[in-house]
Amino acid sequence: MSKNLKVLVMEPANQQLPTDTARPNGALGPAFLVGALRAQGIEADYLDATVGLPSDLIEETFYNRVEQENGTIRYGMSASAMAKVFANYDIIATSSIFSAQTRLHLEAARIAKEVADQRGREILVISGGVNARAMREVFLSNHFDIIALAEGEKVIIQIIDAFSRGNRDFSGIHGIATRDGDRTVLQPVSSERKTIEMKDLPFPAFDAMPLDRYQQIGIPHAGLLPKGMKYAAIQTSRGCQDRCTFCHISLEKQQADLLGAVGSLRMFSLDRVRQEVDRAVALGVNRLYFEDDNLFFNKKRLTELAPILRRDGLEYSNVNGANLRFLFKRDQQGQNIVDTEFIEMLAGFGLKELVMPFESRNVDILQKYASGKFNPDVMDPILIVKALKKVGIRISGNFMIGFRDESWDSILRTKEYARVLLDAGLDAVGFMIPVPYPGSLDFEAVMQNSATREEFNKDPLQFTDHMHWRAKPLFPTVVSGEKLVDAVQEFWLELNQSPYKQEKLSQNVCS
Ligand code: SF4
């Protein structure tokens with residue numbers, strides 16, 4: 001393989017609703033890609049266009065806020081600044097996991113192709129990630145050459161190998177989508193097998209990420225971070241055993257023939273996690289954010305990991321996903337009781353913050369949309385809130401209101417549920433309107449209506465621009481969209497404490 005090709009793995013500028021927080025990108029996916037490329041001796045860099053290069057002025061990147069015609073605020077590097085960086089590379093790879101940022105991925109791809117035209121040498125533009133996979137038709141008809149359908153770390157090496165031969169023949173690669181004229185060509189992940197340990201994946205390149213810039217900004221993708229902490233992300237497992245219909249990966253779990261093991265539950269070995277923590281500590285990281293979809297799914301394994309995770313001066317946050325039923329265990333009579341030993345173990349290895357996805361007080365809603373993953377009628381949530389507070393973990397709760405067939409009464413019950421849990425000890429609560437993201441079963445449900453699908457296909461960006469949990473729902477709901485938008489805002493203002501609200505509002509994209 002030619003080692004002369006230069007690869008830029010990048011995340012584009014972002015757009016947010018005026019009511020939302022501006023955050024840097026910095027997801028772990030791109031760091032895994034850079035790690036995989038470097039392990040093969042390929043020159044690869046990472047660019048987070050929300051914060052730019054270390055030499056860029058932060059006012060010209062993260063604090064460069066531009067109001068857009070679609071009503072959102074764009075923040076990050078300008079198009080011309082990105083073009084200057086792109087000119088140094090042969091391949092640009094983006095990782096697209098948020099539907100609402102689709103427009104900015106297409107912008108980056110367009111800039112890359114313009115740069116290639118100007119300099120007279122091709123730039124291959126590829127993408128991966130759950131949104132790119134689900135929106136592959138849109139990506140491939142807007143400047144992207146290849147979409148990785150499998151986990152990108154293996155596929156990107158094969159793509160670069162083929163590209164380096166100069167003949168642009170990608171037909172032998174499993175797990176990609178390409179374009180042939182107007183036709184999308186799918187090359188399934190037929191040979192991919194489900195594995196329990198992901199032995200072959202190289203370490204994510206933490207050192208390629210602008211960790212100092214992230215520390216300076218101090219706004220992680222969720223939760224609250226004490227000022228001055230240097231943070232990064234870690235993954236001990238991938239996938240999830242549950243099947244929430246609103247989950248971005250819910251459709252993919254039914255497409256194993258095409259996509260392979262993406263979305264199903266797999267684990268890194270204990271030793272691998274140990275080495276990853278070592279690497280983060282060596283870079284001066286003192287807060288690690290778990291990016292597991294469901295950290296608690298295997299309590300025995302997490303208990304074995306605890307001494308590996310525990311380090312002097314290192315703390316952890318889990319704001320990404322934690323299935324609450326695992327905080328209980330059965331007593332001898334078969335009753336659910338709080339697993340205090342497990343909770344003490346979490347605090348013992350340094351877990352300082354946990355975002356708890358309570359979702360709804362309506363058990364029918366939980367059953368229908370959230371795989372029945374937690375049932376507050378049989379597992380008392382007040383008891384876990386108290387137990388987590390007792391060991392000093394900062395806890396906030398997420399609640400979803402406005403499912404397409406949910407009544408206003410049900411929404412009010414969830415609001416009261418949030419209030420009761422705050423009284424029991426929750427530090428903060430947040431409310432979200434479920435969004436049928438492309439790739440989810442909920443999206444497929446609304447697309448059953450052929451007129452809706454036609455409208456979506458005509459102008460997908462008009463939809464994805466507003467795929468935000470605080471935005472007016474794009475598809476019909478029993479409670480009006482306007483009422484839901486007001487509710488998420490008003491409930492949040494009414495129930496949370498002033499210092500928390502002030503801190504969050506100071507991070508607003510308009511502030
Ligand atoms: S628990 Fe979370 S990761 Fe798992 S299916 Fe539900 S939303 Fe997805």
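Let's settle one term before the tour: contact means heavy atoms within 4.5 Å. Helices (H or I, at least four residues) and strands (E, at least two) are DSSP runs, numbered from the N terminus. What you have above is a predicted model, where local features need pLDDT of at least 70, side-chain atom pairs count only at pLDDT 80 or more, and totals for chains, interfaces and linings use all residues. Residues are numbered from 1 along each chain as its sequence is written, and side-chain values use heavy atoms, with hydrogens and water left out.

Let's start with helix α9. The buried residues of α9 are covered by elements that include α1 (28-39), β11 (231-234), β14 (287-290), α10 (299-309) and β15 (315-318). Which residues of α9 are buried? They are Arg-272, Val-273, Glu-276, Val-277 and Ala-280, where buried means under 20% relative accessible area, exposed over 50% and partly exposed in between (1.4 Å probe, protein chains only). They sit on the same side of α9, because they cover an arc of only 135° around the axis; that arc is taken from the directions from the helix axis to the C-beta atoms. After α9 comes Gly-284, with a positive phi near 85°.

Tyr-500, Lys-501 and Lys-504 are the buried residues of α19. Their arc around the axis is only 95°, which puts them on the same side of α19. Over on the other side of α19, Pro-499 and Gln-502 are exposed. The cover for the buried residues of α19 includes β19 (394-400), β20 and α18.

That brings us to β20 itself. How many of the residues of β20 are buried? It's 5 of 5, so β20 is largely enclosed by the rest of the structure. Ala-428, Gly-430 and Met-432 are on one side and Val-429 and Phe-431 on the other, and both faces are covered. In a regular strand the side chains alternate between the two faces of the sheet. β20 runs parallel to β19, joined by 5 bridges, and Asn-398 has Gly-430 of β20 as its bridge partner. For strands to pair, DSSP has to find at least two bridges between them.

For an antiparallel case, look at β9 (residues 176-180) and β10 (residues 183-187), which are also joined by 5 bridges. Thr-178 has Val-185 in β10 as its bridge partner. The two strands form a hairpin with 2 residues between them, and Gly-181 in the turn has a positive phi of about 65°.

Next, some loops. His-143, between α5 (136-140) and β8 (146-148), has a positive phi near 85° without being a glycine. Its relative accessible area of 36% makes His-143 partly exposed. Ser-371, in the loop between α12 (363-369) and α13 (381-390), isn't a glycine either, yet its phi is positive at about 55°. Ser-371 is partly exposed, at 29% relative accessibility.

Gln-101 lies in the loop between β6 (91-95) and α3 (102-119). Is Gln-101 buried or exposed? At 7% relative accessibility, it counts as buried. Leaving aside neighbours within four places in sequence, Gln-101 is in contact with Ala-13, Asn-14, Gln-15 and Gln-16.

Last stop: the ligand. The residues around the ligand are Cys-240, Asp-242, Arg-243, Cys-244, Phe-246, Cys-247, Asp-293 and Lys-373, each with a heavy atom within 4 Å of it. By class, this shell has 4 nonpolar, no polar and 4 charged residues. Here Ala, Val, Leu, Ile, Met, Phe, Trp, Tyr, Cys and Pro count as nonpolar, Asp, Glu, Lys and Arg as charged, and the others, Gly among them, as polar.
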